[in-house]
Amino acid sequence: MSHNNQKKIAVINDLSGFGRCSLTVSMPIISYMGIQCCPVPTSVFSNHTGFPEFFFDDYTPHMEAYIAQWHKLGLKFEGITSGFLGSKEQIETVLRFVEEFRSGRTKVIIDPVMGDHGRIYATYTEEMCREMQRLVACADIITPNLTECCRLTGTPYKESGWKKKELYEMAQELSSQGPEKVVVTGIPQGEFIANYVVEKGKEPRLLRTHRAGTERSGTGDVFASVIASDAVNGVAFDRSVKKASDFVRKCILKSIEMDIPQTDGVCFEEILHSLKRN
């Protein structure tokens with residue numbers, strides 16, 4: 001009996017019971033895209049850290065035993081992806097997971113969640129930044145925002161005024177470290193938000209989407225889940241980036257329409273049916 005007759009993506013991320021981010025975003029989106037989502041929890045939150053109070057339980061001590069059972073089952077994955085990682089130990093666990101489970105059929109998609117708006121998260125140490133550099137190097141696809149791209153390439157950050165040449169040089173440097181495909185996300189361009197797409201052997205592209213509303217928790221997880229699913233389903237990368245961006249925008253607009261608080265993320269459930277599976 002084989003457990004590998006259906007496409008599967010292993011998603012290594014935290015579980016927030018409320019607030020629509022991380023695994024609670026990835027599981028329904030990846031499943032809707034026709035792929036079995038297999039979660040590896042890094043920690044458990046009652047609600048994400050954007051709320052004034054939350055319950056938190058670190059799952060790091062249990063991750064190795066959890067993953068060991070998957071080895072016993074002989075599981076194989078078409079995709080492996082990770083989001084926010086809270087410690088050097090967790091990054092090392094993801095590195096080992098990739099090394100142990102990766103095969104010729106596996107796409108590794110890494111969202112190097114390290115910071116935003118020019119600031120690295122307070123929980124991120126220099127040692128963790130170095131370990132994330134190693135994780136990025138083993139990926140097939142990475143989805144850094146501007147802050148993360150600057151940190152990973154040693155480029156000074158600025159809020160706006162990015163030229164295509166500057167974006168190209170950063171994305172190319174990241175690509176030269178290993179990833180075949182890079183999308184630098186969340187580039188402000190007036191009334192637009194742009195994503196800069198670099199894929200080995202192809203012309204780079206700047207894809208723009210009309211800005212909608214304000215930032216919300218979980219939108220990066222929505223974006224990365226679509227990218228990971230499309231990678232496994234064989235969708236062209238630039239088409240996938242455009243689809244993910246458009247879907248995030250529609251989610252934000254629907255959330256504004258329904259008067260959903262910013263802390264509660266985006267109500268993607270209302271429009272999940274509009275997401276094309278291929």
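Contact, as I use the word today, means heavy atoms within 4.5 Å. The model is a predicted one, in which local features need pLDDT of at least 70 and side-chain atom pairs count only at pLDDT 80 or more, while totals for chains, interfaces and linings use all residues. Residues are numbered from 1 along each chain as its sequence is written, and side-chain values use heavy atoms, with hydrogens and water left out.

I will start with one proline. P179 is found in the loop between α6 and β9; helices here are DSSP runs of H or I with at least four residues, strands are runs of E with at least two, and both are numbered from the N terminus. Leaving aside residues up to four places away in sequence, P179 touches V136, A139, D140, I142, L174 and K200. Is P179 buried or exposed? With a relative accessible area of 0%, P179 is buried. Buried means under 20% relative accessible area, exposed means over 50%, and partly exposed is in between, with a 1.4 Å probe and protein chains only.

Now the sheet. It is an open sheet of nine strands with mixed pairing, in the order β3-β2-β1-β4-β5-β8-β9-β10-β11. Why is one side of β3 and of β11 left without a neighbour in the sheet? β3 (56-58) and β11 (205-210) stand at the edges and each has a single partner strand, so one side of each has no neighbour there. Two strands count as paired if DSSP finds at least two bridges between them.

Two helices on the sheet come next. Helix α2, residues 60-73, packs on the sheet and touches β1, β2 (36-47) and β3, and its direction makes about 165 degrees with that of β2. Helix α6, residues 164-176, also packs on the sheet, touching β8 (141-142), β9 (181-189), β10 (192-199) and β11; the direction of α6 makes about 45 degrees with that of β10. For these angles, axes are lines fitted to C-alpha atoms, for helices over the stretch in contact, and the angles run from 0 to 180 degrees between N-to-C directions.

On to strand β4, residues 79-82. G79 and T81 point one way from β4, I80 and S82 point the other way, and all are buried. Strand β1 (residues 8-18) runs parallel to β4 and is joined to it by four bridges. Within that pair, I9 stands opposite G79, and A10 has I80 as its bridge partner. β4 also pairs with strand β5 (residues 107-110) in the parallel sense, over four bridges, with T81 opposite I109. From β4 the chain crosses through helix α3 (residues 88-101) to β5, and this β-α-β crossover is right-handed. That term applies if, with the strands pointing away from the viewer, the path from the first strand over the helix to the second runs clockwise.

At the other end of the strand order, consider β10. Seven of its eight residues are buried, so β10 is largely enclosed by the rest of the structure. β9 and β10 run antiparallel and are joined by seven bridges, with I187 opposite A194. Their hairpin has two residues between the strands, and G190 there takes a positive phi near 65 degrees. β10 and β11 run antiparallel too, joined by six bridges, and Y196 has L206 as its bridge partner in β11. In this second hairpin five residues lie between the strands, and G201 takes a positive phi near 85 degrees.

Last, the helix pairs. Two packed helices are described by the angle between their axes and the distance between the axes. Helix α5 (residues 146-153) and α6 have axes that come within 10 Å and cross at roughly 65 degrees. The contact involves L146, C149, C150, L152 and T153 of α5, and L167, M170, E173 and L174 of α6. By class, these residues are seven nonpolar, one polar and one charged.

Helix α7 (residues 219-233) packs against α8 at an angle of about 145 degrees, with the axes 9 Å apart. The residues that meet include V226, I227 and D230 in α7 and S240 and F247 in α8. S240 lies in α8, residues 237-257, and counts as buried at 1% relative accessibility. Its contacts, apart from residues up to four places away in sequence, are V226, I227, D230 and V235.

Definitions and conventions. Nonpolar A, V, L, I, M, F, W, Y, C, P; charged D, E, K, R; others polar.
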